[in-house]
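Student: I would like to learn how to read the features of a protein model. Could you take me through them slowly?

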Amino acid sequence: MSIKVAIVGGGGRVGSNAAFALQCAGVVREIALIDANADLAAGEALDLLHGSSIMGNQIITSGTAASAADADVVCITAGSRRKPDESRLDLINRNVSIFKSILDDLRANNLRRDAIILVVSNPVDILTRMAVEYLGWPAQQVMGLGTVLDTARFRSMIAADQQLPPAQIKALILGEHGDSMVPIWSTATVAGFSLTSLLSANKQNELFTRTKGSGAEVIKRKGGAGYAVGVSIAEVIHAIALDTNEILPVSSQINGPYGVRGTCFSLPTVVGRQGVVKVHEIELWPKEVSSIQASARALDETWSKLA
Ligand SMILES: NC(=O)c1ccc[n+]([C@@H]2O[C@H](COP(=O)([O-])OP(=O)(O)OC[C@H]3O[C@@H](n4cnc5c(N)ncnc54)[C@H](O)[C@@H]3O)[C@@H](O)[C@H]2O)c1
């Protein structure tokens, strides 16, 4: 158990579910929950700690931003939740000022120079770019959850609909974690063969539309996403902790692929102990490339409104 993870927003639903996913996996050494609501973070940490005699020898604590100082990964889940009919980008005005104050707090507490920042709060691609530019850190040390959760949902929903084993579905969502996300059917497979040979164009559209709407559906039915986002966060943190070089659709600052420059969003990205190791520019259908470029333009437009 190698690394310490600090979760800022760890008292909230996403942060505490991520902490539980990390506890269940037993890969990381230490989990520190930080939250503006200190009691809530302390309560979540205590609840997790009560299970540690069953789950494993991890250190589980709660505290202030000072407890992020020696963290290897700082995962930021603090912020407001999206309302059912609100786009993720509409959240921007509510979450930007919270996010900047968190970055200020972290900076004041002298994070490790090699720490990796994992942004989860929405709008995740905009806040990831803000973390890169506001902190002035090497861009490779900053990533966002991006479309990791959307990709997990997409695979799981294709599998459920087609009665296929979920872990054998390989299908990506790229671009923005939000309205302009792009389904990638050109490379989608199950057990090594093409999913487009199995699914009609109508079925493909239906499955993507359901995937895209499923975040809002979870919010409407239970208040907010928890378990699936928790395991998605754990998937990324484990790639960092174990230096696996796993290729994940995290959000990072793109400089070159598909002609995109400066935007943070999701492309197939090699993730390891140094953070973003490499971004792949894979061969896609022309309409997928143009949708990815449109997604970058949508994000750039929002970004330009921030200044
Ligand atoms: N990227 C993704 O795939 C994804 C998926 C689901 C949710 N989210 C986002 O995650 C965020 C959290 O969602 P949630 O459901 O856990 O909300 P939540 O309200 O349950 O938790 C948010 C927590 O942040 C804390 N907080 C607020 N300001 C803070 C500050 N300055 N410092 C420290 N803590 C602070 C709150 O006290 C609260 O405990 C939202 O922005 C949501 O949109 C992202």
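Tutor: Let us begin with a term for packed helices: a crossing is left-handed if the near helix is turned anticlockwise from the far one by less than a right angle, and right-handed if clockwise. Please keep in mind throughout that the model before us is predicted.

Student: Which hand does the crossing of α6 and α8 have, and at what angle do the axes of these helices cross?

Tutor: In general, two packed helices are described by the angle between their axes and the distance between the axes. Here α6 passes α8 in a right-handed crossing, and the axes of α6 (residues 148-162) and α8 (residues 227-241) come within 9 Å and cross at roughly 120 degrees. On the α6 side the contact is made by V148, L149, A152 and R153, and on the α8 side by A228, V229, S232, E235 and V236. By class, this contact has 6 nonpolar, 1 polar and 2 charged residues.

Student: Into which domains is the protein divided, and how many residues of each are in contact?

Tutor: The protein is divided into domain 1, residues 4-144, and domain 2, residues 148-304, and their centres, taken over C-alpha atoms, are separated by 21 Å. In the contact between them, 35 residues of domain 1 meet 34 residues of domain 2. The largest share of the side of domain 1 that touches domain 2 comes from α1, with 8 residues, and by class that side has 23 nonpolar, 6 polar and 6 charged residues.

Student: Why is α1 described as largely enclosed?

Tutor: A residue counts as buried if 20 or more other C-beta atoms lie within 10 Å of its own. In α1, 10 of the 13 residues are buried, so this helix is largely enclosed by the rest of the structure. The buried residues of α1, including F20 and L22, pack against β1, β2, α2, α3, β4 and α8.

Student: Is N110 buried or exposed?

Tutor: N110 is exposed, with 11 other C-beta atoms within 10 Å.

Terms used: Residues are numbered from 1 along each chain as its sequence is written. This is a predicted model: local features need pLDDT of at least 70, side-chain atom pairs count only at pLDDT 80 or more; totals for chains, interfaces and linings use all residues. Domain bounds come from an automatic or database domain assignment. Two residues are in contact if their C-beta atoms, placed from the backbone, lie within 7 Å. Helices (H or I, at least four residues) and strands (E, at least two) are DSSP runs, numbered from the N terminus. Ala, Val, Leu, Ile, Met, Phe, Trp, Tyr, Cys and Pro count as nonpolar, Asp, Glu, Lys and Arg as charged, and the others, Gly among them, as polar. Axes are lines fitted to C-alpha atoms, for helices over the stretch in contact, and angles run from 0 to 180 degrees between N-to-C directions. A residue is buried if 20 or more other C-beta atoms lie within 10 Å of its own, exposed if 12 or fewer, and partly exposed in between; C-beta atoms are placed from the backbone.
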